[in-house]
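Subject: Structure handover

Hello,

Here is the structure I promised to pass on. Please open it alongside this note, which walks through the findings.

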Amino acid sequence: MALASSQIRAVCVEANEFPQLSNQFRVRGVPHTVINRKASFVGALPEQDFVMAVLEGAGVESPHPDPPPQAGEGETTPRPLAGEGEATPRPQTGEGVEGEINYSAR
Amino acid sequence: MPAGRRGPRLVLTFYMALIPEPVRQQLKDRFDTVLTGPVHLTLYTRPGSSRLILPAGLGCPTCEDARQMAELLRDAAPDKITLEVVDVSRDAARVEIDQIDDAPTIAIAAESDTGRIRFQGLPTGTEFPALIDAVERVSRAEHGLSPESVVALDQLTEPTELLVFATPT
């Protein structure tokens, strides 16, 4: 993700080696991801959910997972809803992240 | 010191070679075919530290092993990988500019700038393949994300730090 965005600095922290840092962010399970030292979530999320969690945690207002649709695009190529023929349904915006991401105070 | 409390604990790790020779050869063979572009590693360390665990900020029980690991990566592809070693106890300005929390830290970059992909602590166990993968992705400039994710990440306009806590097992 740090390769895809020049704004991102990604640090993999060995949790056992830095117990003070782990305690500071209340690490109880791994992987535990902390965004800008404010928001966090536990576990490995699907790519789209991970991106959305990072955007939300970074304070992006109304983050969207895809570029804005062009006029008429939705009429010609509608995105199938869950259970309507898509083998691996993609969650709608916010689904899967909400409830897992934990905006904890420092 | 309270009764029954022990002094500094000796960490008994890595008395053998950190990475066995067959794995080193495997790594060389893999890097020969996979790496395409240059990779610059920066190791932030405290040279001379022993494996004794001392009060915070003084000791660095894994710095020597991290140095061996960084040199292992460089020696696996010396024509592609360069290694710079920064002594955090002597170069406070560099630590502040590069925003380094602690040592050892290995930063990975395509050029000689500051790497934005970092491993803080000794990346052993399940973290070692992640380190190798990061080196390969940086060399090949392959982030592996979908076009939709790349477009979504363009919404980031401020520097964003991701700390991912992991364990070797």
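First, a term: helices (H or I, at least four residues) and strands (E, at least two) are DSSP runs, numbered from the N terminus. This is a predicted model, in which local features need pLDDT of at least 70, side-chain atom pairs count only at pLDDT 80 or more, and totals for chains, interfaces and linings use all residues. Residues are numbered from 1 along each chain as its sequence is written, while chains are lettered from A and ligands numbered from 1 in the order in which they are written.

Confidence

The model scores ipTM 0.85 and pTM 0.79. pLDDT is the predictor's confidence in each residue, from 0 to 100. Chain B has a mean pLDDT of 87, with 83% of its residues at 70 or more. Be careful with residues 1-16 of chain B, where pLDDT stays under 50. Where pLDDT is low, the predicted coordinates should not be read in detail.

Chain A

Chain A has three helices and four strands. Along the sequence they follow the pattern β-α-β-β-α-α-β. Two strands pair if DSSP finds at least two bridges between them. β2(A) is joined to β3(A), residues 39-42, by four bridges, and the two run antiparallel. In that pair, A:I35 stands opposite A:A39. The hairpin of β2(A) and β3(A) has three residues between the strands, and A:N36 takes a positive phi near 50° there.

A residue is buried if 20 or more other C-beta atoms lie within 10 Å of its own, exposed if 12 or fewer, and partly exposed in between; C-beta atoms are placed from the backbone. Of the 106 residues in chain A, 33% are buried. Now look at α2(A). Ten of its eleven residues are buried, so the helix is largely enclosed by the rest of the structure. Among them are A:F50, A:V51 and A:M52. What do the buried residues of α2(A) pack against? They pack against β2 and β3 of chain A, together with α5 (147-153) and β5 (160-166) of chain B. After the helix comes A:G59, with a positive phi near 85°.

Where the chains meet

Two residues are in contact if their C-beta atoms, placed from the backbone, lie within 7 Å. The contact between the chains takes 40 residues from chain A and 37 residues from chain B. On the chain A side, β1 (8-14), α1 (19-24), β2 (32-35) and α2 (47-57) each supply at least two residues. β1(A) gives the most, with seven residues. The chain A side divides into 24 nonpolar, ten polar and six charged residues. Here Ala, Val, Leu, Ile, Met, Phe, Trp, Tyr, Cys and Pro count as nonpolar, Asp, Glu, Lys and Arg as charged, and the others, Gly among them, as polar.

Four bridges join β1(A) to β4(B), residues 117-120, and the strands run parallel. A:V11 has B:R118 as its bridge partner.

B:T62 sits in the loop between β1 (39-45) and α2 (63-76) of chain B. Is B:T62 buried or exposed? B:T62 is buried, because 23 other C-beta atoms lie within 10 Å. Leaving out residues up to four places away in sequence, B:T62 touches A:E17, B:P104, B:G121 and B:L122. B:T62 and B:G121 are 59 residues apart along the chain, yet their C-alpha atoms are separated by 7.3 Å.

Best wishes
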